[in-house]
Each structure stands twice: as structure tokens, then as C-alpha cells.
Amino acid sequence: MCGIVAYIGEKQAYPIVLNGLKRLEYRGYDSAGVAVLKNGNINTYKKEGKVSNLEDFVKDKDITGGIAIGHTRWATHGPPNDVNAHPHTSENGNVTLVHNGIIENYDSIRKELESKGYTFKSDTDTEVLCYLISDIKTNTGVKLGKAIRLALQQVVGAYAIVVMCEDEPHKIIVARKSSPLVVGIGKENDFYVASDATPIVEYTKQVVYLNDDEIAVLNKEKGMKLYNIDEVQKEPYVEELELHLEALEKGGYEHFMLKEIHEQPTSIQDCFRGRLNAKEGWVSLGGIKYYLNRIMNADRVVMVACGTSWHACLVGEYLFEDLARINVEVEYASEFRYRNPIINENDIVLAISQSGETADTLAALELAKSRGATILGICNVVGSSISRLTDAGSYTHAGPEIGVASTKAFTAQVTVLTIMAISLARRKGKLNEAKFRSILSSLEAIPKKVQAVLDKTEKIKKIAEKYKDAANALYLGRGSSFPVALEGALKLKEISYIHAEGYPAAEMKHGPIALIDEEMPVFVIATKGTSYEKVVSNIQEVKARKGKIVAIVTDGDEQVKAIADDIIEIPETNEHLVPLIATIPLQILSYYIAVMRGCNVDQPRNLAKSVTVE
Ligand code: F6R
């Protein structure tokens, strides 16, 4: 949610910042802007819309210089237009900054500054922070770093900022609280700053992740100095990035989403690599191994997340309860954090997040921690805020997910949850040796089975063609296929803008059935297993009302085939693992429906990938 990039050093800064903005565009694409500092002058260029608009706009401008800051915006305060685009500049033109986050008390600060005679140009909270820094600097005569510190002490909210100043042209200053910021250390006292490591990796692998309330001064001549908000200097902790550049490219696919859907055989494999072996009969999640007893003996595990990751939690609930007999509650992080929930020291709060930066999920964990619970995380992005806040956790190792709609992160999250549930079940004596080994070998076979579904893309594309003009769609499933139905509906609505809802199949007759007519496609997960016959009855109910059924069935199914309008067969697997396979055809369907409707699948309207504001 909003992407920040900056460079300071001997190279030309603009191409580095522009390239970085393109990499971060998935975080928001309402507007883009850049400010370049050269010979003590700051020139700012900004444009509504995509980074490519900015690129066109600056084509004939002089954008040379060794210091630049850039921003790609997901609008929070004020509409997406040129004026509200970042960077923002103080009234006297001296201070310019980019910001990701929300300044919650911006209105009172704005009024106070207006009473001093300032006039604001934009509707943003960011401009207010910029004016405040400049006001402090001008009126107290302090240097930029001190002015930033004093300003941030007045601010309530979340921020990652990069600030530059015409008076102090050899430095940029960065600060963070609750919004992510990474500094890449180049070889020649040059520095790369970004909201995540993706714009940095092609230049350096040495990075420092800023912690909350830290401020870093990046000086062309004097190097990096890190401070806390009280001006106490700290030693930066330099880490080595494990990210590879190829993972950030489309690799010949038309969209990142398609690439990421097709990566799932590998990403699932990567997720369980070194964590289980069916032949030898073991399973191990290094990151949480010292916490297994605590989880087993906990009163309950509360899983918190948002969006797709919340759907993964729902699958996790089925797995933990059924396999390990551990009591699980699944909570929307945004509700949990404000509900004054009852949490005690014997609770485990497990957060799931692809980005590891989702503001609500982070806040839910902070609340749980403050009340004494053990907090664990399942994240994809290494070094992310959630992974650093938690007591322990497991990475999903799915690789960078750039498409805004989550695909491979979901199946990787479900894979980690499955491994966790199996380890706990085994340790608790709830799985005998034969069942344990059988589920492990079924899990090892999943990548091949996912590939078998991907190989059916042409058939799925034809089904997409048939339903691409629907105005509404229903998704139904039972048991752990219910969250798969929710996820299928979310994928369709977020990238194709078709209204879609997921329901537990049996709930349909308590209301949603009223929607069914010959125009309504109903996507049903009807694989063989405990609820198969019941789902078949639900399908009959839809057919009786002339609804169109697209069913995801187990290979060789005859019963549903006879009544459904269309079927997609998926390989048989252990019932607990069905979500890992049944999700795939729904992702492919959504992708092609969206492409056929001419939608921008990688950057759907109004969305951003990393939701760092609440
Ligand atoms: C949907 C999607 C979002 C995210 C949600 C949580 O395709 O991507 O619903 O799942 O914003 O994000 P993370 O997992 O990064 O916490």
C-alpha cells in the first residue's frame, strides 16, 4: 500500500528510482511521482495513474542528479490526482518527502499550521507532515534530522518516510513506524531505500530493515547513521537478501498472476522441502519446533488474518481440529483488534500474512502480545514486520508474489498449516503411524497433482468463455472446501469485477437460493469424501431452479458429471489435502474470465497488495 523508493550516491538516481517504482507498483497505482535533488535544487514531477504516465511526463525534462525519492500511491486522503500525488513539498520549497502510512492526527496539525498562515495545496495527510517538518526547521533553526524527530514526536499514526532538503543536499533521511522500510547498502557509500527489497536486490544484497521508531541518515559523504527517536545512535543490523532477480520478472507469462498460478507445483514443493519425508516418516517445522508443546497445551489457537490469508486460516481450523484435536478460532484481524477480545497467557495467536505487513494483522498481534499470549506467524516475505514481531513462525517460501490477487501464497499457507497440523497430531498421538505416513506421502504427491490440473488449462479456458459475461456467481463447498469456495469467489470478484459470493453449500437454502435462476453460474466443489452425497443434493437443488452448475469433481466421477453443466476433474487425494488442489481450477477460471473481460488482472482497480493502512 503505497511504495517508496529512493537513491543517494554517485549514479544517476532517476533511472534507479523509476525502475524501483515499477517493481513496487503492485503496492498502489493511483499516482506516481519523483523528486530529484541536484545542485541544491529539488525538482518534483508527479502524475495521476500508473508509473508509465510519470515516465512519459518526464521524458523531455532534466531529471539528472544523484539523489531522488519516488512514490507510487494507493490513495487514502484525497482523490488520486496530480496534486495529491507524492512527493510533497513544504510551502517554502525547502523540504520534500514521500510517505507510506496514515497520519491520524493530521487534521489538528493542519489546523494549527493554517492558523500560522500556511496554505495547503493537497488534501493529503502527508503534505501536513512535510509542512510541519519545514515549520520546525525554519522556526527553531535545527538541522533536518532534528526537525524530523521533533515532528514525528507530534505525530500519531503510521509512517515510512524519506525526506530530502535543499539546505542539506548531501543526505536523505528515512524513518519508520508501522510501515515497512528497507535500506540497501551499496558498495560506494550509495544507498537504496524501498518499501520492500524488490527494487533493491538488483543493486545490492546487503540490507538493513528499519525497526519502528528508527531514523536513519544516509549521507553521500559520511555513510549511514541509525538513531532511535530519542536521538540515541544504534548499530545497523545488516542482513543478506536471499531474493533472486528472476523471481521478480514475468518469465515469459502474460501476467504475474498467471506465472504465479503456474509456479504452484514448485512453490508447494519449496514449502515442504526439508520439512517432511514420507519414506523416513518424519515431519519438522524448524521455526516452531520449540513451540509445539506450548501449542498442544494451549487453551486455544486463535488464527488472525485478512482476505485470502483469512481463508487459509479457515482451512487451518479444519486441519488443526480434525487432525490434531486442537481448539481453533479464526478471526478477521481488523475485528479482533478492536473487539477487546479475551486473550490470556495460555493462548496462541497465529497470524497468517503473505506480505507480513498487513496493518490490521500486525496490530492484532501487538494486542495479543500485550496481553501475554504467545504470538506466532506464517509469512511469505522474509524479514517482514510480522515475521520480526512474532515469537516464532514459519516462512512459506513461495517466492515473491507480485500479482495483486494472491494465488501461490494461499496454497503455500495451506501447506504450512497442513504440516503444522500433522506435526501436532503426531505429537499428540492422534495419528497412528500408517495414517501419518499415508498423509505425508499424499502431501508429497500434491505438486504433481497440481500440475495435472494446470495441464487442463485449455479446457478451463473454454468454461471461462462460457461464463465470462455473468453478472453474479455463487461458490459452494462443504468442510474444508467451504474456504476454497470463499477464496474462489474472492478471486473472481477482485480481478473480473463480477459479483461473487461463497457459501457453505448447505447454507444456500437459508437465503442465497433465492438468487438462483438460469443466469446464475454456481461453482461447486464436489470432490469425493465425507460430504460428497450431501453436496450432490445441494447441486440438485440448484439444478431444480435452473441454475448453471460448474463442478470441481474427483477424477472419474460419474454422478455429478451426469447433472452438472460443466465439470473440471481433479486428481484424487487425501480428503484433508483437497483445498490444495481444488483451489487451482478456480484461480485459472478467474484469471481467464478477467482477461476475457479486458481487466487488468495484475493490478485490479482500487486494490493494493500490501495493505499497510487499516
Ligand atoms: C486477495 C488478497 C488479499 C490479501 C489480504 C491480506 O487476493 O491478496 O485479500 O490476502 O490483503 O494480505 P496479507 O496476506 O499480505 O496479509
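The answer below looks at the second largest pocket and then at the two domains beside it.

Tutor: This is a predicted model, in which local features need pLDDT of at least 70 and side-chain atom pairs count only at pLDDT 80 or more, while totals for chains, interfaces and linings use all residues. Residues are numbered from 1 along each chain as its sequence is written, and side-chain values use heavy atoms, with hydrogens and water left out.

The domain assignment, which is automatic or from a database, divides the chain into domain 1 (3-247), domain 2 (251-444) and domain 3 (454-614). The second largest pocket has a volume of about 560 Å³, and 28 residues line this pocket, those closest to its centre being Gly307, Thr308, Ala608, Lys609 and Val611. (A pocket is an open set of points on a 1 Å grid where a 1.4 Å probe fits, with protein on both sides within 12 Å along at least five of seven lines, and lining residues have an atom within 4 Å of a point; the volume is the space filled by probe spheres set on the points.)

Two or more lining residues come from each of helix H9 (307-324), strand E20 (347-353), helix H11 (359-370), helix H13 (408-427) and helix H17 (481-496), and of these H17 gives the most, with four residues. (Helices, of at least four residues, and strands, of at least two, are DSSP runs.) Sorted by class, the lining has 12 nonpolar, 10 polar and six charged residues, where Gly counts as polar.

Where does the second largest pocket lie? Domain 2 and domain 3 both give residues to its lining, so the pocket lies between them. The centres of domain 2 and domain 3, taken over C-alpha atoms, are separated by 24 Å, and the contact takes 42 residues from domain 2 and 37 residues from domain 3, contact meaning heavy atoms within 4.5 Å.

Helix H15 spans residues 446-454, and in this helix Ile446, Pro447, Val450, Val453 and Leu454 are buried, that is, under 20% relative accessible area with a 1.4 Å probe. These five cover an arc of only 115° around the axis, which puts them on the same side of H15; the arc is that of the directions from the helix axis to the C-beta atoms. The buried residues of H15 pack against helix H6 (256-262), H7, helix H14 (433-444), helix H16 (457-467), strand E27 (566-570) and helix H20 (578-596).

Methods: Buried means under 20% relative accessible area, exposed over 50%, partly exposed in between (1.4 Å probe, protein chains only).
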